[in-house]
Amino acid sequence: MSKFTKKKSSELPAISTASLPDIVFMLLFFFMVVTVLRDDNLLVKNTLPKADQVEKLQKDRSVYIYAGKPSERYEDKYGKEGKIQIGDKFTDVSNIKFALTEARQKLLPELQDRVMVALKVDEETNTGLVTDIKQELRDLNMLKIIYITSPGNEIDSQ
Amino acid sequence: MARRSTPEVNAGSMADIAFLLLIFFLVTTTIEKDKGIARQLPPKEPPTDEQVKIKEKNLFIVNVNKNDQLLVEDELMELKDLRQAAVEFLDNGGAPAGSPEYCSYCKGDRDPASSDNPDKAVISVQNDRLTSYKMYIAVQNELVAAYNVLRDRESERLYGWKFTEVNRAIEEGTYNGNEESAKEKLETIQKLFPQKLSEAEPKKSGS
């Protein structure tokens, strides 16, 4: 008789944590893969203007141009005039072509013809500087540009 | 010498190490999602003698001066009124009924002194070199918004959905349904209200 009576253990069995490292490693690998450590060291102030009628940027085929006043740390060195930054260093308007060709070569070869130039320009910059950049881009025949903005609306925030 | 049995490595702290790494990557991760206003620049062409003539009434001139003030069609305007003014201009459809330019879907005032149809209507933005970039983007944003308002209206009339919503859904890959036919429909709408934004070379500052 006693053979069929179930042994009732009064304690709950401990939850096995043996698979916890596996779970954590899986998460770890996910974040390692999606992490992009900042590749550009920003030398300029970069408060983006607000807009809400926006499109998404395709990152694999884009080249970044930053523009704006030098950030406070670099003010002594470079002054307070609006400057252009491509990659890690300041670039002159006349030098944009060279710097952009260089940046384009880092992209995948099949995407180099469909390159899109992403302009990250500080909101306090003069439009004149942007126009100069655009003229250079026309010379280079890189005609697709995108003004990167932050979400919001200028009218609401006034 | 007798072979000593190697003691087993304690793997109990593995989880801790992994957690530490995990937290580091969690903190440093910035999944950037850049968004912005896309533009196609006009290609550089040798200057031609033939000048494309655009009738004055088909041109909507937006002028921004160095103090970020707006002059629209020779009238001072606030930024918040720009969208409505642009919509009215594009949607005017001033060409008389029966003429080849007649715009059947326009719902505007049909003022013969304003634009003939959306295909002919051109918005021209002129900036000063000292205009702030903030203002420049705000103006561009409002003008794109004006086109989107009209495109939404037409797509709702023809297909029952909003142009911008479907466009975004396709972009994000969340559109359920036939994507190809939706894209075709989007193009049809784009043809009804083609985006014709022109940018004049900015004037030298101070003028």
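Ten residues along the chain from R153(B) comes F163(B), and the C-alpha atoms of R153(B) and F163(B) are separated by 8.1 Å.

## Architecture of chain B

Chain B has five helices and six strands, and, read from the N terminus, these elements follow the order α-β-β-β-β-α-β-α-α-α-β. The radius of gyration of chain B is 27 Å, whereas the globule rule gives 17 Å for 207 residues, so the chain is more spread out than a compact globule.

The box filled by the C-alpha atoms of chain B, taken along the principal axes, comes to roughly 105 × 50 × 40 Å.

## Burial and contacts

Among the 207 residues of chain B, 28% count as buried. Of the contacts in chain B with a separation of 6 or more, 58% are made by residues 24 or more positions apart.

## Confidence in the model

For chain B the mean pLDDT is 81, with 91% of the residues reaching 70 or more, and the model as a whole scores ipTM 0.72 and pTM 0.76. Where pLDDT is low, the predicted coordinates should not be read in detail.

Notes
Residues are numbered from 1 along each chain as its sequence is written. Chains are lettered from A and ligands numbered from 1 in the order in which they are written. This is a predicted model: local features need pLDDT of at least 70, side-chain atom pairs count only at pLDDT 80 or more; totals for chains, interfaces and linings use all residues. pLDDT is the predictor's confidence in each residue, from 0 to 100. Helices (H or I, at least four residues) and strands (E, at least two) are DSSP runs, numbered from the N terminus. The radius of gyration is taken over C-alpha atoms; the globule rule is 2.2 Å times the number of residues to the power 0.38. A residue is buried if 20 or more other C-beta atoms lie within 10 Å of its own, exposed if 12 or fewer, and partly exposed in between; C-beta atoms are placed from the backbone. Two residues are in contact if their C-beta atoms, placed from the backbone, lie within 7 Å.
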